[in-house]
Amino acid sequence: MSDKKRILLIDNEPGLCRMMEQILLDHGYLAKSYTSPHQAVEEFKASAWDLVITDIKMPGMSGLEVLQAIKAKQHDIPVIMITAYATVDMSIQALRKGAYDMLTKPFEPDELVYRVKNALQQRQLLEENRELRAELEEKFRFENIIGACDGLKSVLERVGRVASRDTSILVTGESGTGKELIAQAIHYNSPRREKRFVAINCGALPENLLESELFGYKKGAFTGATESRCGLLEAANGGTLFLDEVGNLPMNVQKTLLRFLQEKEFHRLGDTTPTRVDVRVLSATNSDLKEAIKSGAFREDLYYRLNVVNIHLPPLRERRSDIPLLAAHFIVQQNQKFKTAIKGFDSESLRMLSACEWPGNIRQLKNVIEACMAMETGEYISRDTLAQFIEADPDNCAVSDVTQQVNLDLPYTTALELFEADLLTGLLKRHSGNIDLAAREAGMNMVTMYRKIKRYGIRKGDY
Ligand SMILES: Nc1ncnc2c1ncn2[C@@H]1O[C@H](COP(=O)(O)OP(=O)(O)OP(=O)(O)O)[C@@H](O)[C@H]1O
Ligand SMILES: [Mg+2]
């Protein structure tokens, strides 16, 4: 199919129709004109169009009726109305009913082309916007947040339940555990998803800047305020404001924010009239706010307003069973992004990956994987490649719960077997002895699983 834009023209004057058709054809559009509005509407319904230009005053069916019929089929198509001075009232009605633009008779060819270009550009912008939004919604679908371990699963279930309500949520967890990702997922799964998600790092700005960023200011509020400016709270109207590192909010700002949460209104700096907005507030912190309350650095009343629901994200070292899944997820993501074909980690490097402490949590894991993928020359990421990016000596890097029982003085293969035996016993326990499910989670088939159970002498009493 040609990618020429398709324009439907409707005017009861055959001369004008032919002229417009010719101009648009000359400018590389695919234009088709109709003198009968009924016929044109039928034609519109029968195939795909990018733009409609219709006269307002026609016998049989008015331009307004045409507009309505067209919008009923496809509400986002731009429609340009051709008007004459005698039809001002109708023009206003047409604009109200969703017409995109007006073209007043008589018009020059250039004017026609200019308005057509404009309308098509606008449509393209809208489409791009929609695609971007769809991409965002896809990115933050709960299914795309990885977490198989019980800890994160229950977190995600709770997030799913509270997302659609308007409750304030405080997300807590160490750095890199996914607090912002969860906040975004909450927004994009809430009725506010069409409006903005506005994030601000409360620790990144000095007090007076933070205040004017959040609340905006009126012209003349302070030296340098030469224009009035709206703040982030207003920018987030209808949507969600995400206060990151909320523990760093200065006392003064805490006070103003509390008043906003109570009364839904605030004052721009230097403004005596209050501004009202409808904003859901989500916040996150990796510090202990209870301690901050004790030491007088955080207001208790604000804490309870922000923390109507608490979502706590466990550190990665407490959910090591997610590491292989997360690794696979990031590898697929990077492969797509850079058109590479890394298949995964080999078994030794995966063991290393699972044993590390990950103080920087998922962000650190993601960065390490990206770095490994950039360096690796083979199909699988090897132990040597990984060792370049994990600071600790791989054999001494802090070990996971399961491997803690492994004696590091044993020969390597024996240690590995002990590790595997422990892991399989743990999986069997988790699945109440269901070998099929345990095998699936371990990523092996049933026959291999049986063979290993036999080889390691794992007995029913062990799980
Ligand atoms: N469960 C998850 N599944 C997939 N990706 C995740 C998950 N959790 C976090 N990530 C990714 O890890 C990175 C860090 O997450 P995020 O920025 O949300 O963490 P954070 O807790 O806000 O960190 P900080 O406290 O340092 O600001 C991001 O790239 C995010 O997409
Ligand atoms: Mg963050």
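Select G63, L64 and L67 in α3; they meet M90, Q93 and A94 in α4. Sorted by type, the residues of this contact are four nonpolar, two polar and no charged. Keep in mind that this is a predicted model.

Now show both helices whole. Helix α3 covers residues 63-73, and helix α4 covers residues 88-96. Their axes lie 10 Å apart and pack at an angle of about 5°. Angles under 35 degrees count as roughly parallel, so α3 and α4 are roughly parallel to each other.

**Zoom out: the whole chain**

Along its principal axes, the C-alpha trace spans about 95 × 60 × 40 Å. The radius of gyration is 31 Å, while a compact globule of 463 residues would have one near 23 Å. Of the 463 residues, 30% count as buried. Take contacts with a separation of 6 or more: 67% of them join residues 24 or more positions apart.

**Stop: H38 in α2**

Select H38, which lies in helix α2. Is H38 buried, exposed or partly exposed? A residue needs 20 or more other C-beta atoms within 10 Å to be buried, and 12 or fewer to be exposed. H38 has 15, so H38 is partly exposed. Show its contacts, leaving aside neighbours within four places in sequence: they are G60 and M61. Then draw a distance to I200, C-alpha to C-alpha. H38 and I200 are 54 Å apart in space and 162 residues apart in sequence.

**Stop: D50 in the next loop**

Move to D50, in the loop between α2 (37-46) and β3 (51-55). D50 has 18 other C-beta atoms within 10 Å and is partly exposed. Which residues does D50 contact, leaving aside its neighbours within four places in sequence? Select K5, R6, I7, L120 and R123.

**Stop: helix α7**

Select residues 179-188, which make up helix α7. Eight of the 10 residues are buried, so α7 is largely enclosed by the rest of the structure. To see them, show K179, I182, A183 and Q184, then A185, I186, H187 and Y188; each is buried.

**Stop: helix α8 and its cover**

Go on to helix α8, residues 207-215. Show L210, S212, L214 and F215, which are buried. What covers the buried residues of α8? The cover includes two strands, β7 (197-201) and β9 (265-266). The cover also includes two helices, α9 (232-235) and α10 (251-263).

Finish at the residue just after α8. This is G216, with a positive phi of about 75°.

Terms used
Residues are numbered from 1 along each chain as its sequence is written. Chains are lettered from A and ligands numbered from 1 in the order in which they are written. This is a predicted model: local features need pLDDT of at least 70, side-chain atom pairs count only at pLDDT 80 or more; totals for chains, interfaces and linings use all residues. Axes are lines fitted to C-alpha atoms, for helices over the stretch in contact, and angles run from 0 to 180 degrees between N-to-C directions. Helices (H or I, at least four residues) and strands (E, at least two) are DSSP runs, numbered from the N terminus. Angles under 35 degrees count as roughly parallel, over 145 as roughly antiparallel, 65 to 115 as roughly perpendicular and the rest as oblique. Two residues are in contact if their C-beta atoms, placed from the backbone, lie within 7 Å. Ala, Val, Leu, Ile, Met, Phe, Trp, Tyr, Cys and Pro count as nonpolar, Asp, Glu, Lys and Arg as charged, and the others, Gly among them, as polar. The radius of gyration is taken over C-alpha atoms; the globule rule is 2.2 Å times the number of residues to the power 0.38.
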